[in-house]
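Hi,

Here is the structure I said I would pass on.

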Amino acid sequence: MLNAADPMLTVDELAARAGMTVRTVRFYAGKGMLPPPQLRGRVGLYGPEHLARLDLIRELQNLGFTLAAVERYMARLEPDATVQDIALHGALVAPWAADEYEEMDRDAVDRRAGRRLTDAELGRLVMLHVLEDLGAGRFRVASAVEFSLALELVDLPMPFELLMDAGEVINKHADRIALDLRKLFADRVLRPYREHGGLPEEREQLIVALRKLRPATTRAVVTAFQQAVDRAIKEAVDRSGAPR
């Protein structure tokens, strides 16, 4: 519930704080993803809980949730969920969320690449999902790290179709890993916390721990992948009978 001491916002102020348009905020409210505002006369006022929900919606979208999936996720929140409760959900989602994209024009894309990209190269970066053509010379561009890695792939002297097929194999298994890990932490961490009615200090500790989860699990996955590749190469060499 809203606290009288909390700052109350009009829909225009809420949209500005959330970095969204008023139309978008009203759309989410119409979908039931935001609780009704408090009425002061004929003016609807929104509190920190509404802003926290909008932040969570954005995190889910960055993760690649469809609108229907976002609706289902938000429907699981209690109508009177506090900012801290919503932050806990966000902490559970954030470790797996994709890096945010940045919008820029063609010249800025070329500056990030360090050279003038050809139309074919732009098309390949789009296919690798690090670049999205918004039209009118504008692009949504992934983080500098992702963009740089994709550019290295584009420059490799091998058929691009092979790279795309390899990417599909990696993505298929990466999606499965992410889903399994998310379910594991939801079942083993979030659910027990809720069931025993965790204390506020436990909640803060849990939020901090969850937000540190991404780098730790990323290192673990990379290490496991490297070891798996080494084993696969060794087994292939052993089967071929080639000298070690």
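**What I found**

R140 is partly exposed, at a relative accessible area of 32%; buried here means under 20% relative accessible area, exposed means over 50%, and partly exposed is in between (1.4 Å probe, protein chains only). Its salt-bridge partner is E132, with the closest N and O atoms 2.7 Å apart. E132 is partly exposed too, at 36%. By salt bridge I mean a side-chain nitrogen of Lys or Arg within 4 Å of a carboxyl oxygen of Asp or Glu.

Before going on, the ground rules. This is a predicted model, where local features need pLDDT of at least 70 and side-chain atom pairs count only at pLDDT 80 or more, while totals for chains, interfaces and linings use all residues. Residues are numbered from 1 along each chain as its sequence is written, and side-chain values use heavy atoms, with hydrogens and water left out.

**The chain as a whole**

The protein chain has eleven helices and five strands. Those are DSSP runs numbered from the N terminus: helices are H or I with at least four residues, strands are E with at least two. Of its 244 residues, 30% count as buried. The accessible surface comes to about 15,500 Å², and carbon and sulfur atoms own 56% of that; areas come from the Shrake-Rupley method with a 1.4 Å probe, and for residues only the protein chains shown count as cover. If you take the contacts with a separation of 6 or more, 65% are between residues 24 or more positions apart. Contact means heavy atoms within 4.5 Å.

**More on the salt bridges**

How many salt bridges does a search of the whole structure find? The count is twelve. As a general point, side chains of opposite charge can pair when their charged atoms come close.

One of the pairs is E102 with R112, where the closest N and O atoms are 3.1 Å apart. This pair links distant parts of the chain, with E102 in strand β3 (residues 102-105) and R112 in helix α6 (residues 106-113), ten residues apart. Both ends are partly exposed: E102 has a relative accessible area of 42%, and R112 comes in at 28%.

There is also a network of salt bridges that links R106, D107, D110, R116 and D119. Within it, R116 pairs with D107 at 3.5 Å between the closest N and O atoms. R116 counts as exposed at 54% relative accessibility, whereas D107 is partly exposed at 46%.

R106, another member of that network, sits in helix α6 and counts as buried, at 17% relative accessibility. Leaving aside neighbours within four places in sequence, R106 is in contact with R116, L117, T118, D119, L122, G137 and F139.

**How α6 packs**

Two packed helices are described by the angle between their axes and the distance between the axes. For α6 and α8 the angle is about 75 degrees and the axes are 10 Å apart. That makes α6 roughly perpendicular to α8, a label for angles of 65 to 115 degrees (under 35 is roughly parallel, over 145 roughly antiparallel, the rest oblique). The axes are lines fitted to C-alpha atoms, for helices over the stretch in contact, and angles run from 0 to 180 degrees between N-to-C directions. On the α6 side V109, R112 and A113 take part, and they meet A144, F147 and L151 in α8.

**Loops and the surface**

Most residues other than glycine have a negative phi. H129 has a positive one, near 65 degrees; H129 is in the loop between α7 (119-127) and β4 (131-135) and is exposed at 58%. A136, which is not a glycine either, has a positive phi of about 55 degrees. A136 is in the loop between β4 and β5 (138-141) and is exposed, with a relative accessible area of 84%.

L153, L156, M158 and L162 make a nonpolar surface patch of about 320 Å². Patches are made of residues with over 30% relative accessible area and no salt bridge, joining like charges within 9 Å and nonpolar side chains (Val, Leu, Ile, Met, Phe, Trp, Tyr) within 5 Å. M158 is in the loop between α8 (144-155) and α9 (160-195) and is partly exposed at 38%.

**A histidine to finish**

H89 lies in helix α5 (residues 83-93) and is buried, with a relative accessible area of 10%. H89 and L77 are twelve residues apart in sequence and 8.9 Å apart in space, C-alpha to C-alpha.

Cheers
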